[in-house]
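Here are my notes on this one, jotted down while going through the model. Have a look at the structure first, then see whether you read it as I do.

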Amino acid sequence: MSEKQFDGKGAIVTGATRGIGKAAVLELAKRGCNVAFNYASSAEAAEKIKAEVEGYGVACFAQACDVASTEAAADFVKSAKETLGSIDYLVNNAGITRDNLIMRMKEEDWDAVIDTNLKGAWNFSKAVLRPMMRNEDGGVILNISSISGVVGMLGQSNYSASKAGMIGLTKSLAKEVASRNVTVNALALGMVATDMTDEMNEEFREKILANIPLGRFAEPQEIAEIICFLLSGSAKYITGQVIQADGGLAI
Ligand code: NAP
């Protein structure tokens, strides 16, 4: 049997029943990685993805887990480690939007987005650190941020703040764990064709499209390939960085 890129490694991807997370989980499994993933409520989709992952001959752990809960995150990581053997990679991908102008935004929409996107990433990073630091060759944490967190977006004060917060988290944590061979980076995405961008109204979509030099939204699969590169040994000298994959939107 030929050796695959991530043979024997273990990855946790949060929020992987749809979109970018799902594509990342399947690409990692295809490349030989054992994978654990969670979701908010899509149990049926999770079962199908788990079966597909196992079809690649790797181990899989899938469970509903609200990333915003510190306790649930710790429990999830513990169970994931039991199934996967080691946790070498964490992709903090779970994310939501609740867009509105600040004047109209409800407090609960601010809280939900910050708790899921930012606190969720902190929860999972904290929970994987000990097992990751014990690995002989450390590990990689990749935070899925957004150019909304780099340049700010109208109607997204909660989302932009959460994604900018992930960038601060990335830089601090990178400094804290570099000596243990754990690298931490943020992937700031532009527009990717998923349920999240499907919700956009047509006029806004056309406006954004006109500002993307590459002239199109990304497909989840091409983001999954970038994620695999950033987790791989080829990217091991990159830490504390914000890598923008946005078709040139934020140039
Ligand atoms: P998506 O298609 O809306 O999927 C979101 C995933 O996150 C689903 O699997 C969902 O589970 C899960 N999730 C939501 N809340 C959760 C929670 N509290 N706990 C655990 N899982 C939760 O999203 P996407 O477009 O693939 O985006 C993935 C990431 O990329 C997000 O962080 C997003 O902010 C970022 N991003 C996306 C774009 C874009 O254009 N799409 C651009 C920049 C950045 P259920 O299926 O159970 O709801």
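Predicted model: local features only at pLDDT ≥ 70, side-chain atom pairs only at ≥ 80, totals over all residues.

1. Val192 places a backbone N or O atom 2.7 Å from an oxygen atom of the ligand, and a polar backbone atom of Val67 is 3.1 Å from a ligand nitrogen.

2. Who lines the site? The ligand is surrounded by 32 residues, with Thr17, Ser41, Ser42, Tyr159 and Thr194 the closest. By class, the shell splits into 14 nonpolar, 14 polar and four charged residues. At least two shell residues come from each of helix H1 (19–30), strand S2, strand S5, helix H6 (157–177) and helix H7 (195–198).

3. Now the sheet: it is open and has seven strands, paired in parallel and ordered S3-S2-S1-S4-S5-S6-S7. Strands S3 (60–64) and S7 (242–245) are at the edges with a single partner strand each, so one side of each has no neighbour in the sheet. From one strand to the next, the twist averages 15 degrees.

4. For a closer look at one pairing, take S5 (residues 139–146) and S6 (residues 182–189): they run parallel and are joined by eight bridges. Within this pair, Leu142 stands opposite Asn185 of S6.

5. Last, the packing on the sheet. Helix H2 (residues 43–54) lies across S2 (34–39) and S3, and runs at about 175 degrees to S2.

Conventions: Residues numbered from 1 in each chain as written. Heavy atoms only, no water. Pairing = 2+ DSSP bridges. Helix = DSSP H or I, 4+ residues; strand = E, 2+ residues; numbered from the N terminus. Axes fitted to C-alpha atoms, helices over the stretch in contact; angles between N-to-C directions. Contact = heavy atoms within 4.5 Å. Near = heavy atom within 4 Å. Polar contact = N/O pair within 3.5 Å; in protein donor to acceptor, adjacent residues only side chain to side chain. Nonpolar A, V, L, I, M, F, W, Y, C, P; charged D, E, K, R; others polar.
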